[in-house]
Amino acid sequence: MDEKQKARLFELADLILAVSRHLHAAKADPAEPWTPLEAAVMRFIDHRPGVTATQAAEATQLISSNFSRALRKLEQKGLVRREADSEDARRVRLYPTQKAAENLRRLEDTWSGLLAEALPDAAEADATIATLRRVESQLVDRIRGGTRPQ
(Lines give C-alpha, C1' and ligand atoms only; values in the text may rest on other atoms or scores of the structure.)
Protein backbone atom coordinates (compact mmCIF):
# COMPACT_ATOMS: atom_id res chain seq x y z
CA MET A 1 0.00 0.00 0.00
CA ASP A 2 1.40 3.38 -0.93
CA GLU A 3 1.52 6.36 1.46
CA LYS A 4 -1.36 8.18 -0.26
CA GLN A 5 -3.69 5.17 0.14
CA LYS A 6 -2.53 4.69 3.73
CA ALA A 7 -3.38 8.33 4.53
CA ARG A 8 -6.74 8.04 2.72
CA LEU A 9 -7.76 4.94 4.69
CA PHE A 10 -6.61 6.49 7.97
CA GLU A 11 -8.78 9.53 7.21
CA LEU A 12 -11.74 7.23 6.51
CA ALA A 13 -11.31 5.48 9.87
CA ASP A 14 -10.95 8.82 11.63
CA LEU A 15 -14.13 10.16 9.99
CA ILE A 16 -16.07 7.00 10.92
CA LEU A 17 -15.04 7.51 14.55
CA ALA A 18 -15.98 11.21 14.41
CA VAL A 19 -19.42 10.45 12.96
CA SER A 20 -19.91 7.78 15.62
CA ARG A 21 -19.06 10.26 18.38
CA HIS A 22 -21.55 12.79 16.99
CA LEU A 23 -24.29 10.19 16.76
CA HIS A 24 -23.54 8.92 20.26
CA ALA A 25 -23.68 12.48 21.62
CA ALA A 26 -27.11 13.00 20.01
CA LYS A 27 -28.67 9.78 21.29
CA ALA A 28 -32.36 9.83 21.99
CA ASP A 29 -32.42 9.58 25.78
CA PRO A 30 -29.64 11.50 27.54
CA ALA A 31 -31.25 10.59 30.89
CA GLU A 32 -30.17 6.99 30.35
CA PRO A 33 -26.53 7.07 29.27
CA TRP A 34 -24.68 4.08 27.93
CA THR A 35 -21.05 3.42 27.27
CA PRO A 36 -19.60 2.49 23.88
CA LEU A 37 -19.08 -1.06 25.25
CA GLU A 38 -22.74 -1.29 26.27
CA ALA A 39 -23.73 0.02 22.82
CA ALA A 40 -21.61 -2.65 21.10
CA VAL A 41 -23.17 -5.43 23.18
CA MET A 42 -26.70 -4.06 22.73
CA ARG A 43 -26.21 -3.71 18.96
CA PHE A 44 -25.14 -7.33 18.69
CA ILE A 45 -28.05 -8.61 20.80
CA ASP A 46 -30.53 -6.44 18.84
CA HIS A 47 -29.26 -7.89 15.56
CA ARG A 48 -29.16 -11.49 16.84
CA PRO A 49 -31.86 -12.09 19.48
CA GLY A 50 -31.28 -15.38 21.26
CA VAL A 51 -27.49 -15.22 20.98
CA THR A 52 -25.48 -16.79 23.79
CA ALA A 53 -23.29 -14.63 26.01
CA THR A 54 -20.19 -16.44 24.72
CA GLN A 55 -21.11 -15.73 21.10
CA ALA A 56 -21.82 -12.08 21.85
CA ALA A 57 -18.57 -11.63 23.81
CA GLU A 58 -16.53 -13.18 20.98
CA ALA A 59 -18.29 -11.16 18.28
CA THR A 60 -17.88 -7.85 20.12
CA GLN A 61 -14.19 -8.58 20.79
CA LEU A 62 -14.57 -7.82 24.49
CA ILE A 63 -12.69 -9.57 27.25
CA SER A 64 -15.06 -11.53 29.46
CA SER A 65 -14.92 -9.14 32.44
CA ASN A 66 -15.75 -6.11 30.26
CA PHE A 67 -18.48 -8.02 28.45
CA SER A 68 -20.00 -9.24 31.73
CA ARG A 69 -19.97 -5.73 33.18
CA ALA A 70 -21.65 -4.27 30.07
CA LEU A 71 -24.24 -7.07 30.06
CA ARG A 72 -25.04 -6.56 33.76
CA LYS A 73 -25.51 -2.81 33.18
CA LEU A 74 -27.83 -3.48 30.23
CA GLU A 75 -29.86 -5.89 32.38
CA GLN A 76 -30.04 -3.35 35.23
CA LYS A 77 -31.34 -0.77 32.77
CA GLY A 78 -34.02 -3.23 31.65
CA LEU A 79 -32.69 -3.48 28.08
CA VAL A 80 -31.61 -7.16 28.01
CA ARG A 81 -33.14 -10.29 29.47
CA ARG A 82 -31.61 -13.72 29.91
CA GLU A 83 -33.56 -16.85 29.12
CA ALA A 84 -32.57 -20.49 29.58
CA ASP A 85 -32.02 -22.34 26.32
CA SER A 86 -34.97 -24.64 25.61
CA GLU A 87 -32.62 -27.45 24.49
CA ASP A 88 -29.89 -27.01 27.12
CA ALA A 89 -30.87 -25.35 30.40
CA ARG A 90 -27.18 -24.74 31.22
CA ARG A 91 -26.97 -22.33 28.30
CA VAL A 92 -28.41 -18.83 28.54
CA ARG A 93 -29.78 -16.87 25.60
CA LEU A 94 -29.88 -13.07 25.47
CA TYR A 95 -32.83 -11.07 24.16
CA PRO A 96 -33.59 -7.36 23.86
CA THR A 97 -36.55 -6.26 25.99
CA GLN A 98 -39.57 -4.19 25.02
CA LYS A 99 -37.82 -1.20 26.60
CA ALA A 100 -34.85 -1.83 24.30
CA ALA A 101 -37.18 -1.90 21.28
CA GLU A 102 -38.74 1.42 22.37
CA ASN A 103 -35.29 2.95 22.85
CA LEU A 104 -34.23 1.67 19.44
CA ARG A 105 -37.27 3.34 17.82
CA ARG A 106 -36.41 6.67 19.50
CA LEU A 107 -32.80 6.28 18.46
CA GLU A 108 -33.89 5.52 14.90
CA ASP A 109 -35.95 8.73 14.83
CA THR A 110 -33.09 10.82 16.23
CA TRP A 111 -30.30 9.40 14.09
CA SER A 112 -32.41 9.27 10.92
CA GLY A 113 -33.30 12.92 11.41
CA LEU A 114 -29.66 13.91 11.81
CA LEU A 115 -28.48 11.90 8.82
CA ALA A 116 -31.38 13.00 6.59
CA GLU A 117 -29.90 16.47 6.60
CA ALA A 118 -26.35 15.24 5.96
CA LEU A 119 -27.22 12.57 3.39
CA PRO A 120 -30.60 13.42 1.77
CA ASP A 121 -30.05 11.44 -1.46
CA ALA A 122 -31.41 7.87 -1.13
CA ALA A 123 -29.01 6.41 -3.70
CA GLU A 124 -26.02 7.96 -1.95
CA ALA A 125 -27.28 6.65 1.40
CA ASP A 126 -27.71 3.15 -0.07
CA ALA A 127 -24.20 3.23 -1.54
CA THR A 128 -22.73 4.39 1.78
CA ILE A 129 -24.61 1.66 3.68
CA ALA A 130 -23.41 -1.01 1.24
CA THR A 131 -19.81 0.18 1.54
CA LEU A 132 -19.86 0.29 5.34
CA ARG A 133 -21.52 -3.15 5.53
CA ARG A 134 -18.80 -4.57 3.32
CA VAL A 135 -16.07 -2.93 5.41
CA GLU A 136 -17.60 -4.21 8.65
CA SER A 137 -18.01 -7.71 7.25
CA GLN A 138 -14.41 -7.84 6.04
CA LEU A 139 -13.09 -6.55 9.37
CA VAL A 140 -15.14 -9.13 11.29
CA ASP A 141 -13.96 -11.92 8.97
CA ARG A 142 -10.36 -10.80 9.35
CA ILE A 143 -10.59 -10.74 13.14
CA ARG A 144 -12.34 -14.13 13.26
CA GLY A 145 -9.65 -15.52 11.00
CA GLY A 146 -7.06 -14.35 13.48
CA THR A 147 -5.30 -12.01 11.08
CA ARG A 148 -4.36 -8.50 12.05
CA PRO A 149 -3.13 -5.72 9.76
CA GLN A 150 0.65 -5.39 9.49
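Modeller: One term comes first: a residue is buried under 20% relative accessible area, exposed over 50%, and partly exposed in between, with a 1.4 Å probe and protein chains only as cover. This is a predicted model, in which local features need pLDDT of at least 70 and side-chain atom pairs count only at pLDDT 80 or more, while totals for chains, interfaces and linings use all residues. Residues are numbered from 1 along each chain as its sequence is written, and side-chain values use heavy atoms, with hydrogens and water left out.

Biologist: Why is Glu38 called buried?

Modeller: Its relative accessibility is 5%. The cut-off is under 20%, so Glu38 counts as buried.

Biologist: What makes Glu38 and Lys77 a salt bridge?

Modeller: The term needs a side-chain nitrogen of Lys or Arg within 4 Å of a carboxyl oxygen of Asp or Glu. Between Glu38 and Lys77 the closest N and O atoms are 2.7 Å apart, so the pair meets the definition. Glu38 belongs to helix H2 (residues 36–47), and Lys77 to the loop between helix H4 (64–76) and strand E2 (80–84), so the bridge ties together parts 39 residues apart in sequence. Helices (H or I, at least four residues) and strands (E, at least two) are DSSP runs, numbered from the N terminus.

Biologist: How many salt bridges does the structure hold, and which residues are linked in a network?

Modeller: There are eight salt bridges. Asp85, Asp88, Arg90, Arg91 and Arg93 are linked in a network of them.

Biologist: How do you know that Asp85 pairs with Arg91 and with Arg93?

Modeller: The closest N and O atoms are 3.6 Å apart for Arg91 and Asp85, and the N to O value is 2.8 Å for Arg93 and Asp85. Each value is within 4 Å, so each pair is a salt bridge.

Biologist: What makes the nonpolar surface patch a patch?

Modeller: Its members need over 30% relative accessible area and no salt bridge; like charges are joined within 9 Å, and nonpolar side chains (Val, Leu, Ile, Met, Phe, Trp, Tyr) within 5 Å. Here the members are Met1, Leu9, Leu12, Ile16 and Leu132, and the area is about 480 Å². Accessible areas come from the Shrake-Rupley method with a 1.4 Å probe, and for residues only the protein chains shown count as cover. Take Leu9, in helix H1: its 38% makes it partly exposed, and 38% is over the 30% limit. Helix H1 (residues 3–25) gives the largest share of the patch, three residues.

Biologist: How do you know which residues Pro49 touches?

Modeller: Contact means heavy atoms within 4.5 Å. Leaving out residues up to four places away in sequence, Pro49 touches Leu94, Tyr95 and Pro96. Pro49 is in the loop between H2 and strand E1 (51–52).

Biologist: Why is Gly113 called partly exposed?

Modeller: Its relative accessible area is 34%, which lies between the 20% and 50% cut-offs, so the label is partly exposed. Gly113 is in helix H5 (residues 98–118).

Biologist: What is the pattern of helices and strands along the sequence?

Modeller: The chain has six helices and three strands, in the order α-α-β-α-α-β-β-α-α. Of its 150 residues, 21% count as buried.

Biologist: How much confidence does the predictor give the chain?

Modeller: pLDDT is the predictor's confidence in each residue, from 0 to 100. The chain averages 87, and 91% of the residues score at least 70.
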